[in-house]
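Dear colleague,

I am handing over the structure we spoke about, and below it you will find my notes on what was found in it. Please read them alongside the coordinates.

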Amino acid sequence: MIGKVEQYLKDRISEQGCIHFTLLDPDKSSGYDCADIAREAEKGGTTAIMIGGSTLASSQDLDDAIQRIKKEVKVPVILFPNGPMGVSRHADAIWFMSLLNSQTSYYIIDAQMLAAPLVKRYGLEAIPMGYVICGEGCVAGYVGHARPISYRHPKLAVGYSLAAETLGMRFVYLEAGSGAREPIPPAMIAAVKKHVSIPVITGGGIRDPEAALAAKNAGADAIVTGNMVEEESLVGEKISEIVSAIRD
Ligand code: 1GP
């Protein structure tokens, strides 16, 4: 059943053409405050906050960060978990995701088996998503034991994305990895978009309005930025530039 947050995302995609997510990692100790960034990101027009990180090890840090963020923003806070540790009762929803091109069953279905009872107990809205790591893959690729798909083989990304849709997942995420030198190429996004009807999310290495627009023009329904946000002092402005670039 489609919940409130998922409906909100779909409505925003219909209205705006392409939406923006701000990814925050409560595990990073780079001196920035998640709640401050979230507030600025909302001012800049971001559609939702995603929270999580490949190396997150403290559910206490996650709970604290979400509670502080929730005091600052009205946009939904969606968990982007690395495993059962990434589940928090304080979030509005969870990407209930499977790393489809992992080499280990843990990231495909075992972590989900461990987390699902908790998601149910907390009454969290779960949004099923297929997660596909491509290119460098970065830390997410390493931690997730992924076999990242080369940018030269968009057909493989199409296959996984179609598998996600056919399994009933309602979103697919093409991930280049946080801090990737090259974001997912427009040709790969376009190939996937041509074959699936579920919304396509992309992220990893998108740092400016040009890269965001290229992804949108290729067919992306949502763009995720993380690192860029944390490095910028003018978060709101920077996000606003990206949001204006990708909005119809
Ligand atoms: C990582 O795709 C996201 O999961 C965001 O990547 O940090 O490079 O923006 P960046």
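**The ligand and its surroundings**

In this predicted model, a polar side-chain atom of Glu175 lies 2.5 Å from an oxygen atom of the ligand. On its own the ligand has 310 Å² of accessible area, of which the protein covers 97%.

As for where the ligand sits, the space that it takes is the largest pocket. Besides Glu175, Gly179 and Gly204, the residues that surround the ligand include Leu23, Phe80, Tyr173, Ser178, Gly203, Gly205, Thr225, Gly226 and Asn227. Sorted by residue type, this shell divides into three nonpolar residues, eight polar ones and one charged one.

**A residue elsewhere in the chain**

I also looked at Arg68, which lies in helix H3, a helix that spans residues 59–72. Is Arg68 buried, partly exposed or exposed? Its relative accessible area is 35%, and Arg68 therefore counts as partly exposed, given that buried means under 20% and exposed over 50%.

With best regards

Definitions and conventions. Residues are numbered from 1 along each chain as its sequence is written. This is a predicted model: local features need pLDDT of at least 70, side-chain atom pairs count only at pLDDT 80 or more; totals for chains, interfaces and linings use all residues. Side-chain values use heavy atoms; hydrogens and water are left out. A residue is near a molecule or strand if one of its heavy atoms lies within 4 Å of it. A polar contact is a pair of N or O atoms within 3.5 Å; within protein, one must be able to donate a hydrogen and the other to accept it, and residues adjacent in sequence count only if both atoms are side-chain atoms. Accessible areas come from the Shrake-Rupley method with a 1.4 Å probe; for residues, only the protein chains shown count as cover. On a 1 Å grid over the protein atoms alone, a cavity is a set of points where a 1.4 Å probe fits but cannot get out, and a pocket is an open set with protein on both sides within 12 Å along at least five of seven lines; lining residues have an atom within 4 Å of a point. A molecule sits in a cavity or pocket if more than half of its atoms lie within 2 Å of its grid points. Ala, Val, Leu, Ile, Met, Phe, Trp, Tyr, Cys and Pro count as nonpolar, Asp, Glu, Lys and Arg as charged, and the others, Gly among them, as polar. Helices (H or I, at least four residues) and strands (E, at least two) are DSSP runs, numbered from the N terminus. Buried means under 20% relative accessible area, exposed over 50%, partly exposed in between (1.4 Å probe, protein chains only).
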